[in-house]
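Please look over the sequence and the structure before reading the sections that follow. The report takes up a few topics in turn.

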Amino acid sequence: EDPVFRKLSGDEVGDMWRMLLSGAKNLHLEYFDAAADGDEGSVRWHATYTFSKTGRTVHNKIKAHFKFKDGKIIEHKDSFNFWKWSRMALGPVGIFLGFTPFLRNKVSAQTLKLLKAYREKRK
């Protein structure tokens, strides 16, 4: 789960990552302050990439929290500032509407539609 992909589960999660990574341009990932115990973990990570819809460079700073069970991740929640992301990815639209639920819901709906199409194509 993150501010765009909400409440994914099972195979949807792997397909989301496959979809994002297969279309990534100029992707650079860094991680910091990784920590975990038997039940929970966290990491800060930065993703820098070219947003395909606009060609704009995004440097997204993300905080991830994990829950583990039997050595596997059972919950993964990323958080980031959607308004900052939308300003970088969408430019003027993100600057003026990025703080609104309207834009967040629109972006979420569009990405879920892309994920559904990606999953259909993989069948």
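## Strand pairing

Two strands are said to pair if DSSP finds at least two bridges between them. The model described here is a predicted one.

Strand S1 covers residues 25-36 and strand S2 covers residues 40-51; the two run antiparallel and are joined by eight bridges. Within this pairing, phenylalanine 32 has arginine 44 of S2 as its bridge partner. The hairpin that leads from S1 to S2 contains three residues.

S2 also pairs with S3, again in the antiparallel sense, over twelve bridges. Here valine 43 stands opposite alanine 64 of S3. The hairpin of S2 and S3 places four residues between the strands, and glycine 55 in this hairpin takes a positive phi near 75°. S3 in turn pairs with S4 in the antiparallel sense over seven bridges, with lysine 63 opposite serine 79 of S4. Two residues lie between the strands in the hairpin of S3 and S4, where aspartate 70 takes a positive phi near 55°.

## The annotated domain

An unreviewed UniProt entry places the feature "domain: SnoaL-like" at residues 11-76. In the model, this span is 65% strand and 18% helix, and its end C-alpha atoms lie 14 Å apart.

## The largest pocket

How much space lies in the largest pocket? The computed volume is about 1,300 Å³. The lining of this pocket consists of 48 residues, and those nearest its centre are Asp2, Val4, Phe5, Met16 and Leu20. Classed by side chain, the lining has 29 nonpolar, ten polar and nine charged residues.

Strands S1, S2, S3 (56-69) and S4 (72-79) each supply at least two residues, as do helices H1 (11-22), H2 (82-90), H3 (92-97) and H4 (101-122).

## The second largest pocket

The second largest pocket has a volume of about 170 Å³. Among its lining residues are His59, Asn60, Lys84 and Met88.

The lining of the second largest pocket divides into three nonpolar, four polar and three charged residues.

Serine 86 is found in helix H2. Is serine 86 buried or exposed? A residue counts as buried when its relative accessible area is under 20%. Serine 86 is therefore buried, because its relative accessibility is 0%. When neighbours within four places in sequence are left aside, serine 86 is in contact with Gly91, Gly94, Gly98 and Leu103.

Proline 3 lies in the segment before H1. Proline 3 is also classed as buried, because its relative accessible area is 12%, and the cut-off is under 20%. Not counting residues up to four places away in sequence, proline 3 touches Asp78, Ser79, Phe80, Phe82 and Arg104.

Key. Residues are numbered from 1 along each chain as its sequence is written. This is a predicted model: local features need pLDDT of at least 70, side-chain atom pairs count only at pLDDT 80 or more; totals for chains, interfaces and linings use all residues. Side-chain values use heavy atoms; hydrogens and water are left out. UniProt positions are given in the numbering used here, feature names are shortened, and annotations may be inferred rather than shown by experiment. On a 1 Å grid over the protein atoms alone, a cavity is a set of points where a 1.4 Å probe fits but cannot get out, and a pocket is an open set with protein on both sides within 12 Å along at least five of seven lines; lining residues have an atom within 4 Å of a point. Grid points are joined across faces, edges and corners, and a volume is the space filled by probe spheres set on the points. Ala, Val, Leu, Ile, Met, Phe, Trp, Tyr, Cys and Pro count as nonpolar, Asp, Glu, Lys and Arg as charged, and the others, Gly among them, as polar. Buried means under 20% relative accessible area, exposed over 50%, partly exposed in between (1.4 Å probe, protein chains only). Contact means heavy atoms within 4.5 Å.
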